[in-house]
Structures are given as C-alpha cells and as structure tokens.
Amino acid sequence: MNKGIRFTDEFKRDAVAQVVERGYAVIEVAERLGISTKSLYTWKAQFSKPPHVRAEVLDQAAEIRRLKRELARV
C-alpha cells in the first residue's frame, strides 16, 4: 500500500464517489487505486458529514497542530 503518501481531497472525493454514487465495491476501488480499504472507509465517513461539521473538524485539527507546535517550542 501507499504508506505515508498524502492524497488530495479531490482524489479522496472521487474515490468515495466511485463507491457511493457509481456503486462499485470498496475493495474493487481500493485495489484499482492502490489504497487500503480502511482509508477508503475513513474518507467515506469524512466526506459524508455535513459541510459545517467538516469545517468544524478541520478548524479543531488546525488548532491542535498549532498548540502542539507551541508546546514543542516551550
């Protein structure tokens, strides 16, 4: 698998769309794209949340990263 590679949100949304909108099996899409089924299930859960919830989660993640950097500096 592609351990340590970061995928764009566009790639993730397309992968999820193949499962949700086009009806392909998760394992089939995962194998074709060279990703793990766990990643695909995670992305599916992530992108099925309402946009305001996703934005809130992203804001919280950014704040956590900022606080970790500040803590490391201290």
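Three helices, α1 (9–20), α3 (37–47) and α4 (51–73), each supply at least two residues of the lining of the largest pocket. Helices here are DSSP runs (H or I, at least four residues), numbered from the N terminus. The model is predicted: local features need pLDDT of at least 70, side-chain atom pairs count only at pLDDT 80 or more, and totals for chains, interfaces and linings use all residues. Residues are numbered from 1 along each chain as its sequence is written, and side-chain values use heavy atoms, without hydrogens and water.

The largest pocket has a volume of about 240 Å³. A pocket is an open set of points on a 1 Å grid over the protein atoms alone, where a 1.4 Å probe fits, with protein on both sides within 12 Å along at least five of seven lines; lining residues have an atom within 4 Å of a point. The volume is the space filled by probe spheres set on the points. Helix α4 gives the largest share of the lining, 5 residues. Among the lining residues are Asp9, Phe47 and Arg65.

The structure holds 4 salt bridges. Each is a side-chain nitrogen of Lys or Arg within 4 Å of a carboxyl oxygen of Asp or Glu. Arg22 pairs with Asp14 at 3.5 Å, N to O. Glu63, Arg66 and Glu70 are linked in a network of salt bridges. Arg66 meets Glu63 at 2.8 Å and Glu70 at 3.0 Å. Glu63 lies 3 residues from Arg66 in α4, about one turn of the helix. Glu70 and Arg66 are 4 residues apart in α4, so about one helical turn separates them.
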